[in-house]
Protein chains: 2
Amino acid sequence: MPYPSRLPRNQQAVLDVLSQQSHPLSAQELYGVLRQQQLIGLATVYRALETLKLRGLVQSRADTSGESLYSPVEQDQHYLTCLQCGRSFPLDRCPVQELEEHLQYSVPFKVYYHTLEFFGICEPCIESVD
Amino acid sequence: MPYPSRLPRNQQAVLDVLSQQSHPLSAQELYGVLRQQQLIGLATVYRALETLKLRGLVQSRADTSGESLYSPVEQDQHYLTCLQCGRSFPLDRCPVQELEEHLQYSVPFKVYYHTLEFFGICEPCIESVD
DNA sequence: TAAGCGAATGATAATCGTTCTCATTATACT
DNA sequence: AGTATAATGAGAACGATTATCATTCGCTTA
């Protein structure tokens, strides 16, 4: 697992904000929060996220609206996501951990994290499906 | 599982092309293929994909470059995806099927399909990681 | 401590996938 | 056939992300 002894300031700031949140943030939301703390450009936020992803510290998933949502890798990332309204409901159980550990030994690929997402229609939306 | 007796022509055409491919296609690639067969607009391709997703017949996942890749739901969708080069390597084993079936009875949510993706660095890229 | 140099930054323009708009066309129903 | 309704294609609009570039920061070396 790549873990540099110290992170550049902006990367650290981005990671801190993500860790303080209990839910994934978009890059633009992140930018809004960081702007209240310091002078920072949107491009820098994207650059920091890119690097943090490559280091296996941050993960992203695509919102149904197209934008990416970012969260620290430690955070569980298993959802029921409604195709109609786009809302995501977190799941607690993860049956994949052991497979991930097994993969580490069986494939030439360094796994940082995984995502597991179930797609369908949530109860409130079921009635409104055409 | 929602399965209308007959699909509108364009939705059927989109589904046919996706089913003929052995790998997921972007909306733009799909548009290119369809244009060789018939007169169709890009907006219609997106509209058809949207509807097919809501019907649980097509699924999408985000490419590392940001665009969405579409494939029929029947197709297995489990990958090792390299954060560096973006290439995806399909996995055969799926440990989640039974959890999905269990979910159907334990949550108020109609599950159409799931995605499982492992992210990390592939062997060829490991050397080039800074 | 000052000078020099390469990497990082912020502002903004450019890019590109996706969605919206709207005039036109196809479809369904009577 | 006649009319209402939905679907379509073309292209404009949108918005998230990426590229550009002049400036600033951080570090090394004199």
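Strand 6 of chain A lies antiparallel to strand 6 (residues 109–122) of chain B, and the two are paired over 13 bridges. Within this pairing, E117(A) sits opposite T115(B), a residue of strand 6 of chain B. Please keep in mind as you read that this is a predicted model.

Let us look at the interface between the protein chains. Here 35 residues of chain A are in contact with 35 residues of chain B. Together chain A and chain B bury about 3300 Å², and 71% of that area is on carbon and sulfur atoms. Three residues, F109(A), F118(A) and F119(A), supply 20% of the area that chain A buries against chain B, which is more than any other three residues give.

On the polar side of the story, ten residue pairs are in polar contact across the interface of chain A and chain B, both partners being at pLDDT 80 or more. Salt bridges between chain A and chain B number zero.

Which elements give two or more residues to the side of chain A that touches chain B? They are helix 3 (42–54), strand 4 (78–82), helix 4 (97–106), strand 6 (109–122) and helix 5 (123–126) of chain A. Strand 6 of chain A provides the largest share of that side, with 14 residues. Sorted by class, the side of chain A that touches chain B holds 23 nonpolar, six polar and six charged residues.

Now to the DNA. There are 17 residues around DNA strand C, and those that come nearest are N10(A), L39(A), T44(A), R47(A) and Y46(B). If we take the atoms of DNA strand C within 4 Å of the protein, 68% belong to sugar or phosphate, and the rest belong to bases.

| Residue | Protein atom | Atom of DNA strand C | Distance |
|---|---|---|---|
| N10(A) | side-chain N or O | phosphate oxygen | 2.6 Å |
| R47(A) | polar side-chain atom | base nitrogen | 2.8 Å |
| S68(B) | backbone N or O | phosphate oxygen | 3.0 Å |

Both chains take part in the surface near DNA strand C: helix 3 of chain A, together with helix 2 (27–35) and helix 3 (42–54) of chain B, are the elements that give two or more residues to it. The largest share, four residues, comes from helix 3 of chain B. By class, the surface near DNA strand C has seven nonpolar, five polar and five charged residues.

Chain A also has a sheet of its own. Three strands of chain A form an open sheet in the order 1-3-2, with antiparallel pairing. Strand 1 (25–26) and strand 2 (58–62) of chain A are the edge strands, each pairing on one side only. Strand 1 of chain A runs antiparallel to strand 3 (residues 68–72) of chain A, and two bridges join them. L25(A) stands opposite Y70(A), which is in strand 3 of chain A.

Finally, a search of the whole structure turns up two salt bridges over all chains. E117(A) makes a salt bridge with R61(A), where the closest N and O atoms are 2.8 Å apart. Because E117(A) lies in strand 6 of chain A and R61(A) in strand 2 of chain A, the pair ties together parts that are 56 residues apart in sequence.

Conventions:
Residues numbered from 1 in each chain as written. Chains lettered and ligands numbered in written order. Predicted model: local features only at pLDDT ≥ 70, side-chain atom pairs only at ≥ 80, totals over all residues. Heavy atoms only, no water. Contact = heavy atoms within 4.5 Å. Buried area = accessible area lost by both parts, 1.4 Å probe. Salt bridge = Lys/Arg side-chain N within 4 Å of Asp/Glu carboxyl O. Polar contact = N/O pair within 3.5 Å; in protein donor to acceptor, adjacent residues only side chain to side chain. Nonpolar A, V, L, I, M, F, W, Y, C, P; charged D, E, K, R; others polar. Pairing = 2+ DSSP bridges. Near = heavy atom within 4 Å.
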